Amino acid sequence: MADPAREMSDGEASARLRDARAAVLGQPSLIGAPLRAALTAAVDNWLIEMVGEESDVALVAVGGYGRQEPAAGSDLDLVLLHREGWAVADLANSLWYPIWDAGVGLDHSVRTVDQAVAVAREDLKAMLGLLDARHVAGDPALTAALREKVFGTWRRDARKRLPELVAAVAERTERAGELAFLLEPDLKESRGGIRDCLAMTAIAAAWVADAPGDEVRSAYDWLLDVRGELHRRSARGSDRLVKQEHAPVALALGLSDTDDFLRRVFEAGRIVAYATDEACRRADAATRPVRRWSRRSAPPRRPLADGVVEQDGEVHLAREANPAEDPVLVLRAAAAAAQAGRPLAVHTARRLAAESAPLPEPWPETARDAFVATLGAGRPAIGVFEALDQVGLLVRLIPEWAAVRCQPQHNAAHRFTVDRHLIETAAEAAVLTRRVARPDLLLVGALLHDIGKGLPGDHTVAGVAIVPAIAARIGLPPDDVATVTDLVRHHLLLPDTATRRDLDDPATVEIVTSAITDPSRLELLHALTIADAAATGPAAWSDWKAGLIAELVRRVSVALAGEPIRSPQPLTDAQLELASRGELAVDLSGSTLTVVAPDRPGLLWRWAGVAALHRLVIHAAVAASAPSPRGAMAVTAFEIVPRFGSMPDLDALGADIHQAYTDADPLEAKLADRERTYANPSAPSAPPVVLWFDDESNAATIVEVRAHDKVGLLYRLTRVLADAGLDVQSARIQTLGAEVVDAFYVVDATGGTVEDPAIRQRLEAELLAAC
């Protein structure tokens with residue numbers, strides 16, 4: 001066999017490949033499909049030159065390179081096919097080594113056609129790659145034979161392989177999350193990403209579902225465009241769209257507004273995910289055991305509601321249903337699907353979108369009941385709302401929804417886009433409907449509580465401005481409109497008050513009772529708070545936070561009933577027993593660190609400094625006082641997690657706390673040494689602020705610091721307060737993701753409030769400097 005590849009050295013060959021790729025990637029004007037085509041051509045031309053006019057061998061591109069969709073950091077997936085008995089080791093080496101030397105990733109194999117097919121029959125990944133096989137060089141007859149056998153095998157083995165493919169899609173979703181709702185999605189692996197499109201194509205190749213349509217192809221191409229620019233910007237090809245790359249990639253693709261860019265990414269992910277679900281259902285249906293009725297008739301239709309039936313696991317319109325004359329049918333079908341826990345068939349959703357008459361305004365009671373029934377179904381309603389959204393029905397029902405659709409959240413505590421968060425909150429609220437007298441208002445309030453986030457300005461103010469019109473449009477009477485509006489207006493009241501204010505201060509309860517005067521609204525607000533936090537993410541809820549809010553609600557309920565408030569003991573029996581000993585003691589139970597010491601000024605900053613020294617992150621802190629035979633004892637309870645690794649050794653922690661109590665001078669130097677071991681954090685997205693609250697406590701001044709968290713911050717803040725001669729009577733410390741909201745109840749040396757503007761100004765400057 002002639003071997004033109006031997007006419008140049010491996011070094012010369014690798015240099016040619018490297019230069020050809022660099023020439024393409026160095027052209028900023030090449031973006032999207034033109035970039036992918038140019039990268040493909042550069043590698044194709046090099047390989048054709050390397051292989052030459054070889055007969056009885058074929059170089060075949062598979063995977064992304066086979067689809068002509070390479071990115072800058074993509075591997076080259078190549079199969080060197082040969083006829084039985086041909087020696088191709090020298091040719092293979094002349095190809096593989098220059099590719100490696102050029103710094104290009106390579107996934108390669110050398111096989112006969114029958115060997116390649118045999119491997120694919122046992123390896124799903126190999127099979128999916130071969131479905132994209134494309135001839136590059138050599139004998140095209142070998143490539144054609146491979147494609148014919150691969151597709152024939154795939155279709156013949158579909159009953160076995162499709163369930164395997166569907167399971168892989170589900171496993172990938174569990175592992176990589178949903179592209180449409182992640183702040184930093186994996187463009188390839190996440191649900192709704194590039195691999196899901198390939199799964200749909202494979203299902204279509206088995207002749208059990210249609211190939212992806214134009215809308216899906218357009219979404220797929222956009223994800224490839226984003227991936228192409230992401231790879232071009234990174235030293236190593238990464239498919240994770242990390243936050244720092246949002247703006248640069250957006251600009252490279254001609255979008256100056258990062259939120260617009262993210263909306264397009266999220267929208268593409270939703271389109272792909274919705275279509276993937278449909279394709280997987282078709283694959284499931286095609287591989288189910290054949291039922292007797294399928295040989296003589298269509299699957300049976302089970303009535304669900306007027307004009308709505310279930311057939312073969314999906315919800316369809318009945319034969320006699322007429323959306324043009326029945327405007328409530330769209331909501332009746334949605335409610336039936338959600339309550340039955342079945343998907344709304346794609347063609348049914350499209351027919352409803354195309355033919356449904358507009359609902360009268362206000363909605364009739366039957367429409368409102370169906371809407372609430374959909375919300376009340378809980379998690380099954382999420383897929384139904386997604387189906388309505390994909391065909392444009394959700395925005396038609398609630399026009400204000402357009403502003404929050406695919407709207408990014410920039411708070412790391414949030415798992416979802418704004419619109420999905422609202423639907424998730426409604427699903428969480430459905431679990432709590434037995435706790436309230438008006439479950440319908442809870443569900444509607446949950447769906448609308450953040451509707452203002454799609455509008456300029458404070459989202460609560462914006463929401464309060466538009467919610468009355470929405471609530472009236474869906475047919476709620478005026479009193480109920482007022483209740484839902486109040487839920488939106490005050491949806492942050494309970495968590496903010498409970499976690500940032502001292503519950504033992506009578507003014508704290510007055511903050512809530514001045515806003516909520518009706519026990520039934522308080523009940524609704526409490527349930528909404530729980531649902532909102534659950535839908536936000538793990539960082540937004542904890543047993544500690546739940547307990548504080550529940551206790552605040554109890555006290556407010558008592559106050560609304562006109563009864564005296566009896567403050568429960570804020571300390572546990574174990575903490576009281578520890579304090580009764582009258583000596584310095586340390587206890588670590590689970591994630592709760594309790595320090596008990598004879599009371600003296602400056603204890604909080606000492607304990608905070610020791611915690612930072614031991615690499616502990618303080619998520620919450622509460623300070624209280626307890627009696628002992630030896631006098632008043634200061635009890636400080638911290639909710640902590642280790643910044644790295646596991647919890648510290650209690651003996652070592654206790655020793656440092658004892659040292660700090662008697663002599664805190666060495667603490668500053670030790671902390672400075674500790675801080676030098678950490679990498680410099682990136683600049684926070686917003687500067688720190690200091691707020692003063694004079695009317696929310698009758699006995700102290702509340703100074704609140706909101707800032708980006710960093711090592712030793714609580715130590716520095718409390719040290720500033722102590723050095724200013726202020727006594728921290730109590731504190732409410734919160735770490736929310738990478739941000740802190742720390743509220744300190746302080747009095748001066750005489751026990752009075754801090755009112756002097758000059759003192760406040762100086763203190764504020766020192767606190768900001770500490771941040």
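A salt bridge is counted here when a side-chain nitrogen of Lys or Arg lies within 4 Å of a carboxyl oxygen of Asp or Glu. The structure holds 56 salt bridges by this definition. This is a predicted model, in which local features need pLDDT of at least 70 and side-chain atom pairs count only at pLDDT 80 or more, while totals for chains, interfaces and linings use all residues. Residues are numbered from 1 along each chain as its sequence is written, and side-chain values use heavy atoms, with hydrogens and water left out.

Two further terms are needed for what follows. Helices (H or I, at least four residues) and strands (E, at least two) are DSSP runs, numbered from the N terminus. A residue is buried at under 20% relative accessible area, exposed at over 50%, and partly exposed in between, using a 1.4 Å probe and protein chains only.

One of the salt bridges joins the side chains of aspartate 157 and arginine 121, with 3.1 Å from N to O. Aspartate 157 sits in the loop between helix H7 (140-156) and helix H8 (158-176), whereas arginine 121 belongs to helix H5 (residues 113-122), so the bridge ties together parts that are 36 residues apart in sequence. Aspartate 157 has 12% relative accessibility and therefore counts as buried. Arginine 121, at 36%, counts as partly exposed.

Arginine 161 is buried, with a relative accessible area of 1%, while glutamate 164 is partly exposed at 32%.

Another salt bridge is formed by arginine 521 and aspartate 486, at 2.6 Å from N to O. This pair links distant parts of the chain, with arginine 521 in helix H24 (residues 519-536) and aspartate 486 in helix H21 (residues 478-489), 35 residues apart. Both residues are buried. Salt bridges also link a set of residues into a network: Glu178, Arg191, Asp277, Arg379, Arg420, Glu424 and Glu428.

Two packed helices are described by the angle between their axes and the distance between the axes. Axes are lines fitted to C-alpha atoms, for helices over the stretch in contact, and angles run from 0 to 180 degrees between N-to-C directions. H5 and H7 pack at about 25 degrees, with their axes 10 Å apart. The two helices are therefore roughly parallel to each other, given that angles under 35 degrees count as roughly parallel, over 145 as roughly antiparallel, 65 to 115 as roughly perpendicular and the rest as oblique. Their crossing is right-handed, the term for a near helix turned clockwise from the far one by less than a right angle, with anticlockwise giving left-handed. Contact means heavy atoms within 4.5 Å. On the H5 side, Val113, Asp114, Ala116, Val117 and Arg121 meet Leu142, Ala145, Leu146, Lys149, Val150 and Thr153 of H7.

The strands come next. Two strands pair if DSSP finds at least two bridges between them. Strand S1 (residues 57-61) is mostly covered, with five of its five residues buried. Val57, Leu59 and Ala61 point one way from S1, and Ala58 and Val60 point the other way. S1 pairs with strand S2 (residues 76-82) in the antiparallel sense over five bridges, and alanine 61 has leucine 78 as its bridge partner in S2. S1 also pairs antiparallel with strand S4 (residues 134-138), over four bridges; here alanine 58 stands opposite glycine 138.

Five bridges join S8 to strand S9 (residues 592-598), with alanine 585 partnered by valine 596 in S9.

In the loop between H27 and S10 is arginine 615, which is partly exposed with a relative accessible area of 32%. Arginine 615 and valine 711 are 96 residues apart in sequence and 8.0 Å apart in space, C-alpha to C-alpha.
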